[in-house]
Amino acid sequence: MNYQDERLQNIAKTLKKRIVETSNNPDVLRSVEMRALFDELKTLKEEQKASFGKELNMLRQDLTAQIKALKDSDEALPPIDVTAPFDLNIKSSEMPRLLPAEHGSRHPINTEFEKVLDIFYRMGFTVLESREIDNDFNMFEALNFPEGHPARDDYDTFVTVQKDQKGQPLIAPAHTSTMQNRALKSMKKNLEQGDPIALVIPGRVFRNEDLDARHEHTFYQLEGIYVDENVNVGNLISTIKTFLQEYYAKELAVRIQPSYFPFTEPSFEFTMSCPFCDNKGCNICSHSGWIEILGCGMIHPNVLKFAGIDSNKYTGFAWGGGIERLIMMKNNIEDIRHFEAGKLEFLRQFK
Ligand code: DAH
């Protein structure tokens, strides 16, 4: 629209801008500027009044048309999504700051734990979470490592300068086995009622290791405990084999080899046929066809006794293994340090 009067031209521009800024508020038609123009009209002489009045009417129509056009286009918008993670009524100029540039994703360790725990849950195990600070008793004594036991050194345990109420140094647990005494004590009532103790314990563990592609100071383990009358090594093998076959969704061969842990007797390394090459030999199993997957054994009678369980009546098995390894093998990940590094380039690949 072109106005003869330059002033009207400018006012039209200002008011049109205001209509947009005030989200289409029709009050612009009754604004100070408009009222001043109409007041001025009354003071004009006949001749000027006619031409100025014509222009003023044009201006009013012009603004009314803009208000109507904006209203129509608003009504044409799709309905508001109330689940949107931002306020849809916000000014569009502020949108980029408020909109999340990218959604995050679940950490692969979380995803994997969920799969693993779900299988054990279906096998009748209950889940108990481990803790990230514990004491010397749970880390060693209750697990049959008396003071000065050489195997204590195998666990590169971080010890803090803080002490618990009994004066024991607080430690960052170096394995989830730290939960065994506590778990056995709290679940003992199951045995009295004629039920087994069947627990899986996921947890974050810490070791003062020399770091490399296979060693990280912080990692995750899954511990398992099963106690009842007449539990034997056969039950241990079949339980873990059942889990592994369910997890890899295929038949596997398994082997156990003698090992040593102070808290199990006998102790074993549990080995499965490589699920990635079906025992033929590949990069993942170092061309041997076999993969050592976890440590396990029959719970040492002393460990049961420390928890107040009659080791003549009850026996049980336990195992513990790392979670990162499972994910690394599945996804061809070459360095365990990726998991704790918080690098988006790594995490984005698990969306
Ligand atoms: N805690 C052991 C480790 O971190 C693994 C382990 C071995 C756990 C045997 C067990 C077990 O419960 O029975 O090296």
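Predicted model: local features only at pLDDT ≥ 70, side-chain atom pairs only at ≥ 80, totals over all residues.
Modeller: Local features need pLDDT of at least 70 and side-chain atom pairs pLDDT 80 or more, while totals for chains, interfaces and linings use all residues. Residues are numbered from 1 along each chain as its sequence is written, and side-chain values use heavy atoms, leaving out hydrogens and water.

Biologist: How many salt bridges does a search of the whole structure find?

Modeller: A salt bridge is a side-chain nitrogen of Lys or Arg within 4 Å of a carboxyl oxygen of Asp or Glu. Asp 335 and Arg 337 form one, with their closest N and O atoms 2.8 Å apart. Over the whole structure, the search finds 17.

Biologist: Is Glu 112 buried or exposed?

Modeller: Glu 112 forms a salt bridge with Lys 115 at 3.7 Å, N to O. Buried means under 20% relative accessible area, exposed over 50%, and partly exposed in between, using a 1.4 Å probe and protein chains only. Lys 115, at 39%, is partly exposed. Because its relative accessibility is 4%, Glu 112 counts as buried.

Biologist: How many residues apart in sequence are the parts that Arg 122 and Glu 246 tie together?

Modeller: The closest N and O atoms of Arg 122 and Glu 246 are 3.3 Å apart, in a salt bridge. Arg 122 lies in helix H5 and Glu 246 in helix H8 (residues 233–248), so the pair ties together parts whose separation in sequence is 124 residues. Helices here are DSSP runs of H or I with at least four residues, strands are E runs of at least two, and both are numbered from the N terminus. The separation asked for is therefore 124 residues.
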